[in-house]
Amino acid sequence: MSTMHTTEERAEEEFLLSVEDLNTSFFTDKETIRAVDGVSFGIQRGETVGVVGESGSGKSVTARSIMGLIESPGKITGGHIKYRGLDAVQTFANRYSRSTADLTKGDEVGENDYVVVEERDGDTITEGYIDIANAPENARNRIRGSSISMVFQDPLTSLNPVYTVGNQIKEALRLHQGLRGREATAEAISLLEAVGIPDAPRRVKEYPHQFSGGMRQRAVIATALACDPELLICDEPTTALDVTIQAQILELLKELQDERDLAIMFITHDMGVVAEICDRVNVMYAGEFVERASAKELFGNPKHPYTQGLLSSIPSRNTEGERLATIEGDVPTPNEPATYCRFAPRCPKAFEDCEHVHPVLTDVNEDAQDHEAACLLYPEDVPQTEAVDRHETRNSAAETEVSE
Amino acid sequence: MSTSDSRTTTESVTGSDTLVRVRDLKTYYPGGGIIEDKPVKAVDGVSFDIQRGETLGLVGESGCGKTTLGRTLVRLESATAGEIKYDGTEVTSLSGTDLKRWRRNVQMVFQDPDSSLNERMTIGEIVQEPLNVHDWPYLSVAVTGGGSDGVSVAGSKVEAFDRERHGRPDITVSLDGSTSVEIRDAIHMSQADVSVSVNGDEVEVGVKPSKKQLRRARVRELLDTVGLQPEHYYRYPHQFSGGQKQRIGIARALALEPDFVILDEPVSALDASVQAKILNLLEDLQDEFDLTYLFIAHDLAVVEHICDRVAVMYLGNVMELGDAEGVFDDTANPYTHSLLSAIPEPDPTAEKQRITLRGTPPSPRDPPSGCPFSTRCPMKIRPEAYDDLDNDVWEAIQIFRDVLRERENREKSVTQQFLEFTGIRDPYADIDEIVDEVFGHLDVPDNATRHIETAVEMVREGDSDEARTYLHEEFGSVCEQEPPDAYEVSETGRVSTCHRHQAEYESPADYLQTHVLDD
């Protein structure tokens, strides 16, 4: 376990954002819903990482956890969300020095520390992170909107109908960059132009209802870009749009990514959109990631039975006239710790062990590069029993780690 | 119009059994203005047939009028002009009891299962409601067999069968030999529940279960048909998932045993795997009950999967109409080409050249005078002199003309309007800058440059009107002048509405290859 960790950590250092074993639960009178249950992933600058899954699988909660938008009865109950944007780390280290652990000065990361400095060159921090999961509300507010922004599904509900579009962009500029008056207006106009909205100087004075659907989503993206974020979280940004407009928005996102070296986390249920825009893809099911791979690999060679089922249930050119493959049953509510495979009741390949061994993300085979599946069938090149053993050992290792 | 008429005849020969016949249907919403009262032309002259037992798909972007068309067919909206014949009956003029009776045959499943189910009613009540409204079952009794003529039917719950009113008898009493009774499947009674006594010319039929009981039994059966559990009867809509709610909507639509069901985006709000289940269910139900579907959707993959024939709509008009296979694999119309190329394929290795349309569809309040798609069409017909003009240059000329046209409507905002078509930044550029932005990076051949310069000169002199006319004469084409006819483009009778199908022009598919995609 320990050797594994170091390699993992080394890889993480390139990530702008790394999420480690994130747990977000909702506490209701009846039950505790583990909406995000031990999710880990990373996003590098300039790349697009997709999270796909059906509704209720926990995609949006993952995004909201990163944005610090989880509200009661929800709570992040464990894990780390490490944001490594150096500008933000520098600012935070200066502002919240009491909560900063400076490893270069021999500090240990304490319970309340959420800014960690790992390397510095004199006064300049060259490596470090902010742990959003442990940060208090006021610190989260600072990151949200300035370093990390989010674009939501429905552009009409994410814009306030009684303010002009310009006002809403200017609000973000005022809060995060301190711009006011004419300066803010000029910046708002140039943002609208950047997202391809024509005659921006007039549009900036218009209300959301005067915009078409695609135009509204462009305005929302402009608002999200207002503070020059490094990470953009897109939660189903094109689901409410027509295909020809969707194509325009996807093109816009790609352009903006190239221009600004944006890291994009892209949440969607549309496999076509994923294939189009994502470099790497995580498949989410009942609060867990069940498969991850590069987009090419995932679509060309899906390994987890859930991914296979999901892909074959999409009507496409080859299924004309045939019955569509379906996945039996419904997505379960993850309301207890997973000691088994949550997909097993619906899985066509389930066997006995699936009911009492919890699968963890494992390389799908010896040669697999960056392709993991959380299924007892993998790695596929070792005997079944050995594969199951591996999953079991890694589970208990994780448990002892937690109890320590 | 002549072409679409000839189509009608060919279709009525091939299509043996037309259930719905729509001709030149128009649905306009009146404009609210006091001085200017331009209507919104949501559906603007649409003609098609739906054969019994088939699924016709209706696709298009939002705002193209597909939902309005569907709602007009079930008389939820009233048609402004045109005819809708359902099984030979003119629907647009139905009223009163005729309308109510006709509506039993035509049902609708709505897109949003959340807003189409009453939160305060149980599932049982929701599915039963249409039965209550239409006083189902009639318990109509038909008497057959020897000496059945002139026999009257008596009984407190039953009524005599009348084909006009009931369509089919619920109970059939046969007087041949010993008296026997037959009950339709949808009505859940055993023969023991029905007592028949013959008194001379009067057949008295007694039915034991009450209508309420029969309705409840019918609801239970419907829940089972759509794949829900009996215990769901007493639950409320919020206790169901999206897929289950859509099943409830389908059960409600089937309650009155319709022949024709309009499915308005029935799976758009659902996840892929749930969507697959509902699509399979719809196919099963169609087989089981001989249903005819009008399937409205914007997801072309779904439409291709479930539909026999497809109509592609744009701005209130049908652009292409024909067998699904032809529409998708041997696409004829430029708009269909553009729409298909915009769909993201679930295959990251797929390399397809995308046709990116500029802008958004024009307002249906003020549609273009010629072809509805002419403002965005990448395959617009060019005057002969410019046939070999580079595609980028041609597109730039179109943009330039669009800008000037907009200037006419809004004198002050020429640059603003120009930006709508290009996304270029500086809104304060004057005409020279516009020309520079549009044509600056292009190598415009002399013959075109000359005309553009003349037009620019006119604009400079403040005569943009003249400039527009000049450009229109030089670069305009039939696409902007006349609405195209529907041309038959395949042996299966598929039709496409585009000027390019005339013999003198290059067909859209060829043109796409030679002019649009290769650069």
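## Contacts and fold of chain A

A contact here means heavy atoms within 4.5 Å. This is a predicted model, and in chain A, if you take the contacts between residues at least 6 apart in sequence, 63% of them join residues at least 24 apart. Chain A has 14 helices and 14 strands.

How does the radius of gyration of chain A sit against the globule rule? It comes out at 22 Å, close to the 22 Å that the rule gives for 404 residues, so chain A is as compact as a globular protein of that length. Along the principal axes, its C-alpha atoms fill a box of roughly 70 × 65 × 45 Å.

Of the 404 residues in chain A, 54% are buried.

## Ring pairs

Searching the whole structure turns up 13 aromatic pairs over all chains. One of them is Phe41(A) with Phe289(A), a tilted pair with 5.6 Å from centre to centre and 50 degrees between the planes. Phe41(A) belongs to strand β2 (residues 32-43) of chain A and Phe289(A) to strand β12 (residues 288-294) of chain A, so this pair ties together parts that are 248 residues apart in sequence. Are these two rings, Phe41(A) and Phe289(A), buried or exposed? Both are buried.

Chain B has a pair to look at too: Tyr86(B) and Phe260(B). Their ring centres are 6.3 Å apart and their planes meet at 35 degrees; planes under 30 degrees apart would count as stacked and over 60 as edge-to-face, so this pair is tilted. Here again distant parts of the chain get linked: Tyr86(B) is in strand β4 (residues 81-86) of chain B and Phe260(B) in strand β14 (residues 260-264) of chain B, 174 residues apart. The cut-off for buried is under 20% relative accessible area, so Tyr86(B), at 5% relative accessibility, counts as buried. Phe260(B) counts as buried as well, at 2%.

Back in chain A, ring pairs also join Phe92(A), Tyr96(A) and Tyr114(A) into a cluster.

## Arginines over rings

Which residue lies over the face of Tyr138(B)? That's Arg165(B), at 5.2 Å from the ring centre. Elsewhere in chain B, Arg500(B) lies over the face of Tyr511(B), with 3.8 Å to the ring centre.

Conventions: Residues are numbered from 1 along each chain as its sequence is written. Chains are lettered from A and ligands numbered from 1 in the order in which they are written. This is a predicted model: local features need pLDDT of at least 70, side-chain atom pairs count only at pLDDT 80 or more; totals for chains, interfaces and linings use all residues. Side-chain values use heavy atoms; hydrogens and water are left out. Rings of Phe, Tyr and Trp (its six-membered ring) pair if their centres lie within 6.5 Å; planes under 30 degrees apart count as stacked, over 60 as edge-to-face and the rest as tilted. Helices (H or I, at least four residues) and strands (E, at least two) are DSSP runs, numbered from the N terminus. Buried means under 20% relative accessible area, exposed over 50%, partly exposed in between (1.4 Å probe, protein chains only). A charge sits over a ring if NZ of Lys or CZ of Arg is within 6 Å of the ring centre and within 35 degrees of the ring normal. The radius of gyration is taken over C-alpha atoms; the globule rule is 2.2 Å times the number of residues to the power 0.38.
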